[in-house]
Amino acid sequence: MRPMRLRAWIRAARPLAHGNIAPPILLGQALAFAVTDRFSLPLAGLAFGFGVLDHLAIVLANDYADREADAKNPSPTWLSGGSRVLVDGLLEPAALRRGAWIAGAALLAWSGLLGAWMERPALVGFALAALALLHAYSFAPLRLSYRGFGELLQGLGVGLVLPWMGFYAQTGRLGDAPLEAFAPLVLLG
């Protein structure tokens, strides 16, 4: 891959935005430790791998979905306006769309294969929930980020899905999660 193209993909990946994904997963694992007094580094790797793939699916799909709005935005910030790789002509929309599909498929495969291997079959459900939130946020027919409900979906993703997944990855138990601890996270998200 040419250096300029590689830089464009790194820019599209928006590494700093992963700060929205990793902390909720870590918090879920910390809550698992508080409940079980156990921590597994391989299971932490499984959870953080989930987070990386989820992050890539989100940022690539959002850039693709928001390409027209981003082109009209004359004042992007590091928090809004996307990576600008499409607006600046560094990548083609079809390439970014393929990248988003690959990241989403990798998230499902990661969750299914490693979930089965590490006896965490519900990880596929977390992946499907994350992808459903992404689709409802960015794509028709709902496209809720354009209708005033984007914050709610983000709150559900970073305040419920990701920490609960982190808890589940460590414990293998869905029902023991301290869901009351997630309520403020949903609001904060």
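Predicted model: local features only at pLDDT ≥ 70, side-chain atom pairs only at ≥ 80, totals over all residues.
Modeller: Residues are numbered from 1 along each chain as its sequence is written, and side-chain values use heavy atoms, leaving out hydrogens and water.

Colleague: Which residues line the second largest pocket nearest its centre?

Modeller: Ala100, Trp101, Leu131, Leu134 and Phe139 lie nearest the centre, among 15 lining residues (each with an atom within 4 Å of a pocket point). H3, H5 (93-117) and H6 (123-138) each supply at least two residues of this lining, and H5 gives the largest share, six residues. The lining divides into twelve nonpolar, two polar and one charged, where Asp, Glu, Lys and Arg count as charged, Ala, Val, Leu, Ile, Met, Phe, Trp, Tyr, Cys and Pro as nonpolar, and the others, Gly among them, as polar.

Colleague: Why are H2 and H3 called roughly antiparallel?

Modeller: H2 (residues 22-36) and H3 (residues 41-65) pack at an angle of about 150°, with axes 10 Å apart. Angles over 145 degrees count as roughly antiparallel, and the two helices are therefore given that name.

Colleague: What makes up the contact of H2 with H3?

Modeller: Ala22, Ile25, Leu26 and Gln29 in H2 meet Leu43, Ala44, Ala47, Phe48 and Gly51 in H3 (heavy atoms within 4.5 Å). By class, this contact has seven nonpolar, two polar and no charged residues.

Colleague: How do you know the relative direction of H7 and H8?

Modeller: H7 (residues 150-171) and H8 (residues 179-188) pack at an angle of about 150°, with axes 8 Å apart. That angle makes H7 roughly antiparallel to H8. In H7, Gly155, Leu156, Gly159, Leu160, Pro163 and Trp164 meet Leu179, Phe182, Leu185 and Val186 of H8.

Colleague: How many cavities of 30 Å³ or more does the structure hold?

Modeller: The structure holds one cavity of 30 Å³ or more; a cavity is a set of points on a 1 Å grid where a 1.4 Å probe fits but cannot get out, whereas a pocket is an open set with protein on both sides within 12 Å along at least five of seven lines. About 40 Å³ of space lies in the largest cavity.

Colleague: What lines the largest cavity?

Modeller: Asp63, Arg67, Asp70, Ser83, Arg84, Val85, Leu86 and Val87 line the largest cavity. This lining divides into three nonpolar, one polar and four charged residues.

Key: Axes fitted to C-alpha atoms, helices over the stretch in contact; angles between N-to-C directions. Helix = DSSP H or I, 4+ residues; strand = E, 2+ residues; numbered from the N terminus. Parallel < 35°, antiparallel > 145°, perpendicular 65-115°, else oblique. Points joined across faces, edges and corners; volume = space filled by probe spheres on them.
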